[in-house]
Amino acid sequence: MTLCIITPLGKALEVSTLKVFLPGGAGAFEVLRGHAPLVSTLTAGTIRYEQDGVLKEYPVTGGFVKVDNNMVLVCTEK
C-alpha cells in the first residue's frame, strides 16, 4: 500500500508500506492493506509506518486522511 503525506508546500512523503498508525480525531487507528475506504480527521500526534521492516515516524499537527484502494492520503499543515 502507499502512504502519501501532502503539506501546503507540496508532497512531503510517498512510500510503500505494510501498515500505518494514525492519530485519528476519534482515537488512534491502524490501516493495513485492503482496509475499507474511510475519511477521518487527524489530531496532533505522530504517524507511524513500517518501511522495509523498520518503524518510522512523521509528526503532524492535525489534518485529514483518506484511505481508498490501498492508498493512504494524508493532508496536514506540517
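1. Strand S6 (residues 45–51) and S7 run antiparallel and are joined by 7 bridges. Within this pair, glutamate 50 stands opposite leucine 55 in S7. Strands here are DSSP runs of E of at least two residues, and helices are runs of H or I of at least four residues, both numbered from the N terminus. Two strands count as paired if DSSP finds at least two bridges between them.

2. The model is a predicted one, in which local features need pLDDT of at least 70 and side-chain atom pairs count only at pLDDT 80 or more, while totals for chains, interfaces and linings use all residues. Residues are numbered from 1 along each chain as its sequence is written, and side-chain values use heavy atoms, with hydrogens and water left out.

3. The S6 and S7 pair belongs to an open sheet of 4 strands, ordered S4-S3-S6-S7, with antiparallel pairing. S4 and strand S7 (54–60) are the edge strands; each has a single partner strand, so one side of each lacks a neighbour in the sheet. From one strand to the next, the twist averages 20°; the axes behind such angles are lines fitted to C-alpha atoms, and the angles run from 0 to 180 degrees between N-to-C directions.

4. At the other end of that order, strand S3 (residues 19–22) pairs with strand S4 (residues 29–32) in the antiparallel sense, over 4 bridges. Valine 20 stands opposite valine 31 in S4. The hairpin of S3 and S4 has 6 residues between the strands, and in this hairpin glycine 27 takes a positive phi near 130°.

5. A further open sheet has 5 strands in the order S2-S1-S9-S8-S5, and its pairing is mixed. Its edges are strand S2 (10–16) and strand S5 (38–42), each with a single partner strand, so one side of each is left without a neighbour in the sheet. The twist in this sheet averages 15° from one strand to the next. Strand S8 (residues 63–68) runs antiparallel to S9, with 6 bridges joining them. Lysine 66 stands opposite leucine 73 in S9.

6. Which residue of strand S9 (residues 71–76) deserves a separate look? Threonine 76 is found in that strand. Its relative accessibility is 6%, so threonine 76 counts as buried (buried means under 20% relative accessible area, exposed over 50%, partly exposed in between, with a 1.4 Å probe and protein chains only). A polar atom of the threonine 76 side chain lies 2.6 Å from the backbone oxygen of glycine 62. Leaving aside neighbours within four places in sequence, threonine 76 is in contact (heavy atoms within 4.5 Å) with residues including Ile5, Ile6, Pro8, Val60 and Gly62.

7. Taken as a whole, the protein has 0 helices and 9 strands. The radius of gyration is 11 Å, close to the 12 Å that the globule rule gives for 78 residues, so the protein is as compact as a globular protein of that length. That radius is taken over C-alpha atoms, and the rule is 2.2 Å times the number of residues to the power 0.38. The C-alpha trace spans about 25 × 20 × 20 Å along its principal axes.

8. Of the 78 residues, 36% count as buried. The protein exposes about 4500 Å², of which carbon and sulfur atoms supply 55%; areas come from the Shrake-Rupley method with a 1.4 Å probe, and for residues only the protein chains shown count as cover. Among contacts between residues at least 6 apart in sequence, 42% join residues at least 24 apart.

Notes. A polar contact is a pair of N or O atoms within 3.5 Å; within protein, one must be able to donate a hydrogen and the other to accept it, and residues adjacent in sequence count only if both atoms are side-chain atoms.
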